[in-house]
Amino acid sequence: MLRFILNRLALVIPTFIGISILSFGFIRLLPGDPVDVLSGEHTMSVQRHDELLHQFGLDRPIWQQYADYLWRALNGDLGISLSNHHPVMQQFLQLFPATIELSVCAMIIAIVLGVTLGMLAAARRDTWIDQLTMGGALVGYSMPIFWWGLLLIIVFAAGLHWFPVQGRMDLAIYFKPVTGFMLIDSLLSGQKGAFQSAVQHLVLPSIVLSTIPLAVIARQTRSAMLEVLNEDYVRTARAKGLREARVTAIHAFRNALIPVVTTIGLQVGTLLAGAVLTETIFSWPGIGKWMIDAIGHRDYTVVQGGLLLIAIVVMVVNLVVDVLYALINPRIRVQ
Amino acid sequence: MVDSASTEAPTETATPDVATSTEIAPIISTRRFAAFREFWGYFSKNLGALIGLVVFGLLILIAIFAPFVAPHDPDNQFRDFLLAPPVWQGGTWQFILGTDPLGRDLLSRLIFGSRFSLLIGLIVVTGALFSGVILGLLAGYFRGWVDVVIMRIMDVILAFPSLLLALVLVAILGPGLVNAMIAIAIVLQPHFARLTRASVMAEKNREYIVSARLAGAGAFRLMLLTILPNCLAPLIVQATLSFSNAILEAAALGFLGMGAQPPTPEWGTMLADARQYILRASWVVTFPGLCILITVLAINLMGDGLRDALDPKLKRS
């Protein structure tokens with residue numbers, strides 16, 4: 001197992017270097033002079049230009065600039081935001097919990113509903129239940145989620161007033177964030193109605209963000225279950241006289257879980273891409289909205305830093321999923 | 001692989017019924033027809049896939065004949081009819097689906113918008129397919145450092161959430177439809193490269209490849225004419241899925257203001273323009289999104305049918 005983990009870690013290194021080169025090259029690929037881009041000043045004297053060139057280290061050989069960038073990035077220094085002059089890393093750490101909270105809620109909805117519906121569809125294969133579930137899953141999979149979010153706002157926020165339109169907490173409630181996770185902080189604050197408000201703010205964005213992963217997981221669970229239900233050991237379990245529910249839920253499901261876990265892992269990238277759209281629609285103060293705003297304001301150090309950090313998050317999650325996968329499936333370890 | 005007659009060609013030439021070279025051509029063409037019939041047999045059994053095909057066909061017709069189908073010019077502003085509601089909400093038959101905040105006919109804009117979506121899908125998939133297949137062929141055929149370099153670059157592209165990478169690429173290239181298409185093609189092509197590489201590696205050591213090599217076929221001939229036709233089935237399925245992905249991503253970029261720019265009647269851009277009116281005039285938001293959903297759904301239905309028909313063993317996912 002240790003050997004598997006080490007092997008997998010060795011594969012991560014070239015990807016990480018590639019990611020860092022791309023993020024390093026980003027500022028230099030932008031149209032215009034990198035000095036203009038980084039300083040935010042547009043009309044400057046030649047002297048000032050040279051001064052800044054030296055200050056940013058842009059007059060040194062490119063490999064030295066890269067090594068310097070990499071060293072600073074590894075030490076957690078990703079530069080200063082051009083628009084509000086806060087360190088990029090600090091902003092990321094401040095906003096990331098909001099995205100994690102939203103993503104985790106979305107993932108819980110997607111996994112619970114997706115696996116249940118997928119199993120139901122497989123168990124009732126070719127009945128109307130199966131067709132309805134899989135039809136629904138295909139619609140979910142094809143959904144432009146930014147539009148889906150707007151529709152939910154029209155119906156449930158503006159029309160029925162069940163849920164708020166945007167943000168993470170009612171404006172009338174204020175408390176100092178401790179963990180950055182609104183659900184936990186609101187409980188810790190002890191304020192009346194705070195937790196309820198946090199939940200209400202989470203519902204619509206979580207539904208929107210969970211839509212595509214839910215559809216993918218439901219389809220994958222169904223096909224994995226169907227494959228397993230034809231296996232000999234399932235027939236044996238039935239022949240032993242076990243109840244159908246037990247056969248499906250225990251004998252078949254445990255083996256169907258393996259491809260489902262992989263699918264769930266693969267959804268993390270989708271989730272972060274979806275977070276960009278969901279957070280924009282619901283004005284959710286997470287890293288997706290932060291990146292969009294940074295691109296809009298031409299705050300390129302934030303874009304550069306955010307790009308690197310998000311790619312690292314995806315990479316680490318994929319690594320964890322691979323290790324988990326090896327833990328449930330011994331065949332992978334041996335290979 | 002059921003789609004390609006050339007798969008069986010090398011072994012078929014050895015069978016006695018194809019003794020002379022003059023008989024080979026017609027046999028191959030009837031085989032190709034038979035392969036298509038087999039494919040159609042599977043495909044047409046899938047009701048969803050047929051519906052998808054019909055809707056997609058209709059969309060293509062609408063896109064081609066947009067100037068004849070649309071009741072108005074998509075950019076014409078009717079100043080007396082700003083945000084006119086659809087006909088069933090008290091609007092007039094002049095503007096069946098209502099008008100947008102600038103008084104432009106929504107139906108006409110949606111009809112012209114279909115041109116953009118289909119064109120985006122077509123161009124992006126062609127670009128991604130072309131570059132991905134070439135990279136995949138090179139990586140799978142030559143292996144060694146070529147393979148390592150190409151596949152590591154693909155890994156890096158795949159490490160980023162696709163929409164985010166596309167957004168950043170557009171930030172570099174500048175917002176606009178063409179740049180958005182380039183960005184989406186770059187983001188989608190690693191899937192084609194990986195798929196091609198895997199198929200090439202599976203096919204490379206098969207007997208028919210060895211025999212072609214012994215017959216003196218060069219690397220390019222082997223890659224493009226001998227190996228590639230046998231890797232087509234998964235590529236066709238991936239192309240269909242990428243087509244719908246491209247449309248969705250382009251619409252998302254348009255929605256975020258980084259894709260097609262106003263007044264282009266691209267569906268995502270129309271949604272972005274209409275966003276602030278969602279409470280006053282829900283139709284300006286509802287219809288463009290519905291068009292995106294229907295188009296993507298039709299293509300995905302077709303994609304599912306294609307996958308089941310081209311390779312019944314491929315898993316549904």
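The following paragraphs describe a predicted model of two chains, from the overall make-up of each chain to individual residues. Residues are numbered from 1 along each chain as its sequence is written, and chains are lettered from A and ligands numbered from 1 in the order in which they are written. Because the model is predicted, local features need pLDDT of at least 70 and side-chain atom pairs count only at pLDDT 80 or more, while totals for chains, interfaces and linings use all residues.

Chain A contains 14 helices and zero strands. Here helices (H or I, at least four residues) and strands (E, at least two) are DSSP runs, numbered from the N terminus. The C-alpha trace of chain A spans about 85 × 55 × 35 Å along its principal axes. Of the 335 residues in chain A, 39% are buried. A residue is buried if 20 or more other C-beta atoms lie within 10 Å of its own, exposed if 12 or fewer, and partly exposed in between, with C-beta atoms placed from the backbone. Among the contacts in chain A with a separation of 6 or more, 71% are accounted for by residues 24 or more positions apart. Two residues are in contact if their C-beta atoms, placed from the backbone, lie within 7 Å.

Chain B has 13 helices and zero strands. Buried residues form 45% of its 317 residues. For chain B, 71% of the contacts between residues at least 6 apart in sequence join residues at least 24 apart.

The next topic is the packing of helices. Two packed helices are described by the angle between their axes and the distance between the axes. In chain A, the axes of H5(A) and H9(A) come within 6 Å and cross at roughly 35°. Such axes are lines fitted to C-alpha atoms, for helices over the stretch in contact, and angles run from 0 to 180 degrees between N-to-C directions. The crossing of H5(A) and H9(A) is right-handed. A crossing is left-handed if the near helix is turned anticlockwise from the far one by less than a right angle, and right-handed if clockwise. The contact of H5(A) with H9(A) comprises 24 nonpolar, seven polar and two charged residues. In this classification Ala, Val, Leu, Ile, Met, Phe, Trp, Tyr, Cys and Pro count as nonpolar, Asp, Glu, Lys and Arg as charged, and the others, Gly among them, as polar.

In chain B, helix H5 (residues 106–142) and helix H6 (residues 144–159) pack at an angle of about 140°, with their axes 7 Å apart. H5(B) is therefore oblique to H6(B); angles under 35 degrees count as roughly parallel, over 145 as roughly antiparallel, 65 to 115 as roughly perpendicular and the rest as oblique. The crossing of H5(B) with H6(B) is left-handed. On the side of H5(B), the residues Leu135(B), Leu138(B), Ala139(B) and Phe142(B) meet Gly144(B), Val146(B), Asp147(B), Ile150(B) and Met151(B) of H6(B). This contact of H5(B) with H6(B) has seven nonpolar, one polar and one charged residues.

The two chains also touch each other. Their contact takes 39 residues from chain A and 37 residues from chain B. H1(A) provides the largest share of the side of chain A that touches chain B, namely seven residues. By class, that side of chain A has 31 nonpolar, seven polar and one charged residues.

A nonpolar core is a set of buried Ala, Val, Leu, Ile, Met, Phe, Trp, Tyr and Cys residues joined through C-beta atoms within 7 Å. The largest such core has 172 residues, and those with the most contacts inside it are Val303(A), Leu164(B), Ala166(B), Leu167(B) and Ile184(B). H9(A) gives the most to this core, with 17 residues. Leaving aside residues up to four places away in sequence, Leu164(B) touches Leu272(A), Ala273(A), Val276(A), Met291(A) and Ile310(A).

Finally, some loop residues deserve attention for their backbone geometry. His85(A), in the loop between helix H4 (62–74) and helix H5 (88–123) of chain A, has a positive phi near 60° in a residue other than glycine. His85(A) counts as exposed because it has 7 C-beta neighbours inside 10 Å. Leu83(B), which is not a glycine, has a positive phi of about 50°, and is found in the loop between helix H4 (66–69) and H5 of chain B. With 18 C-beta neighbours inside 10 Å, Leu83(B) counts as partly exposed. The peptide bond from Pro262(B) to Pro263(B) is cis, with omega near 5°, and Pro263(B) lies in the loop between helix H11 (232–255) and helix H12 (267–274) of chain B.
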